[in-house]
Structure formats: structure tokens, C-alpha cells
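Let's take a walk through this structure together. Have a look at the fold before reading on.

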Amino acid sequence: MKLKVTDFDKVFYVLSLFFVLYFYLIPLTFVFIKTNVTYLELNLANSIELSSGVYALVAFVFGYLVAELCRPLFNNVIKYRVYQKPLKESRIFWLCLSLVFIGFIFYLFQEGRQEEAYEIRKGHIQGGHFQFLLNILFGFLKLLVVTTLFNQNRRKLIMLFLIMALTVDLLGSIGRANLILSLSLIFLHITSMRTVKYAWVCVFSMGILLPIILSLKSIIYSFSVNGEFPSIITIMDGGIDFDLYLANFGHPLVSLLYVDGLIDKIGFRYFYDYIQGWLFYLRPFGINVGDSLTYYNTENIIGIRESIIPPGYLAFGYVQLSYLGVFISGMSYRFVGVFAKVVYYKISGTNETIKFMLAFMAANTFYHGEIRIMVMNFFIPLGILFVFNRKMYK
């Protein structure tokens, strides 16, 4: 059976490398070679067995490669049809576009939104469930609208949409991954660069821009709350603090290195979390299946039962069933990319910017690796695109 590799596959390969390299392999390398490395006041070099980090990475990569080799077996089930561009947008699209711009204006003029968003993220106050639901639905609506705009190549509307979306997100304490994705969409739209080339640009530019990326949280906070933009030159001159790097990007590694303590608390999960991640969202209907793995992982590492430190694919897999679970996680990561590819060919198949967006969303799941988070951040948004995309056209 022939293993057909498309441009989408290539983009996902490169972005997979990006996340594994910067969020696991580089932190692991520095923990090996440095004698005093701390993560949130934990001394890693003196308290853990580092070889487990290497074995887990080997199991994960092996699972990823096996899944890649198995892809031809699914060719008769998964059809990557040639996308045919619709002629015109539907009335539903124009209604959705109007609602999105009304939402942008509402968020721009909502007083106190920035401070409230940070207080909620810190856990100091409890956000309203209705507001949370509205934000989720608004995000789904934005995704439907922006993919339609890209498909129809409405360049002026696209630029207006992206700039307004970025402004709203910056004023609402956007996360770094979402900020990088938003900036990437603007760059790809302006330059029309091939997505594969841009993915490699991301791999190499991350190393060059690390001081800025490490400071993105404080930059976003300064801009959104104080209305100030710090000096980029000063930030670049400050160099790289590896403890800060680990505190920002080391969650997948540290979660794996401390996974034995997590297993002591909750035992092996025997792949239950693949189901629990979906059942978790039945809470509003009175069905409580308990906290997800991120809560237990955070409690194991810093002693607080909150959704703060995601386990990443490797620790998530290890808790399921040791290295076999990590191997299955590697396979899962590759098939997440396959799902994004199926959605891409269903809704576009030609647009480079949509290709990057969906491949990035799939590759970014490496960072948190937990089904519960992926349900809301990946599976449902792409599922909505798959089901409702055609409603945007006549």
C-alpha cells in the first residue's frame, strides 16, 4: 500500500516537530546537562529519574510513526475529496458575519473585561457559566466565518476581521498559542507564503525570538490592562532565563518526570480518560464523573487541585498504562492530525491559511495532551466546521 503524503501532512509533520522540540526535547536536554534546574521551586535535577523522560519520548515517537505507517489502511474509509469552491456565500453566512462584528464591538467596549479575565485565569474569582458559554459559542462562530472568508478570498473583509479579532483577543488576555496563531494568519494572508515553508520559519524563528516569546504573558498583560507596550530591544537584551523557559514551556516534560507521584495518587487509568474527557462536560446536566487529569496533575506537582498544569501527551499516556499508554498517545497524536486533514479537505482543500490554522490546532494538542481540553479546543470546533461549513454557502 502506498503511503501518500500531502502538503497538509508535511505541515503537520513540521509543526509536530516544533511542539515536541520546544515543549519537550529542549527542556529535557537542558535538565540533563544543567546541575541546578528549577520548575516552580522544584529542583528537577536532584529529585527525579531523567532516563524515564527519554524512554517515554522513544515510545511516543514510535507510536507516532506506527500510526503514520498505518494510514494507508484507512484510505478506503477516509475520503480526501477534491474541494470545489462554492459560487456565493449564503444568507446564513452574512448573518453570522454581522453577529461576529457586533460581538467584536461589544467586547471592545466592555469595561473591566481585561482585569476580570486575568482574575478568572488566576482563580481569584469564579467566571459566570453563561458568559463562558457565550464566549465558546462566539469562538465557534468566528471559526466558521473566517474559514468562509478565506475560502472566498475576500481580502479586505479578511484583513478587517483578523485585525478586529486580534485587538479583541489582546484586550481580553489572549493566550500565547492563540496570539501566535492569529499573527500567523495575518502574515500568511498578507504574504501568500506556502504553508510548509512558513511552518519551517516557525521552527527556526522560535529559537531566535525566545526572549520575546518568554515575555509574551507580561507583554500581553501590559498591553491589555495598562495600555502600554514594553521595549522589545530591552527584552531581547535580557537573554534567556532557562528556569523561566521551563516554567512556561516545560509542563509536558515535568508532568512526565513526576508522573509516578500522580500514579500513587490515582493509580493507572487504563485508558478511562479517553472516555472521561467527554463525560466531563455532562456536569451541567447533573452527571459528575470527577475532575479531569489536569486537576490531579496540578495537585501532584504544586499541591493545588486546579486546572493549571496540563499533563501533555506523554504523561497522559503514561498514567493510562505505562509506556504502552505513551505509545498509544503517540498514535493518537498522529490521528489527531489525520482528523484535521479530513476536515481541511471537507471545507477547503486549497487555501494555505486554513491549512496552517487546522494543522496548528492539531499539533498544539501536544502541549496539553488531555482529552477533556481537546474536546472543547479541538474536536468540537473542527466537528462544527465539518458539519456546518456548507451552511455558509448557497
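You're looking at a predicted model, where local features need pLDDT of at least 70, side-chain atom pairs count only at pLDDT 80 or more, and totals for chains, interfaces and linings use all residues. Residues are numbered from 1 along each chain as its sequence is written, and side-chain values use heavy atoms, with hydrogens and water left out.

The pLDDT is the predictor's confidence in each residue, from 0 to 100. Its mean for the protein is 84, and 82% of the residues reach 70 or more. Where pLDDT is low, the predicted coordinates should not be read in detail.

Helices here are DSSP runs (H or I, at least four residues), numbered from the N terminus. Start with H15, residues 259–266, where Val259, Leu262 and Ile263 are buried, meaning under 20% relative accessible area with a 1.4 Å probe, protein chains only. Down the axis of H15, its buried residues fall within an arc of 100° (taken from the directions from the helix axis to the C-beta atoms), so they line one face of the helix. They pack against helices H14, H17 and H18. Just past H15, Gly267 takes a positive phi of about 75°.

Now for H19, residues 352–363. Eleven of its twelve residues are buried, so H19 is largely enclosed by the rest of the structure. Among them are Phe356, Met357 and Leu358. At its start, a side-chain oxygen of Asn351 reaches to within 3.0 Å of the backbone nitrogen of Thr353.

How values were computed: Buried < 20%, exposed > 50% of the residue type's maximum accessible area, 1.4 Å probe, protein only. Helix = DSSP H or I, 4+ residues; strand = E, 2+ residues; numbered from the N terminus. Contact = heavy atoms within 4.5 Å. Expected span 1.5 Å × (residues − 1). Polar contact = N/O pair within 3.5 Å; in protein donor to acceptor, adjacent residues only side chain to side chain.
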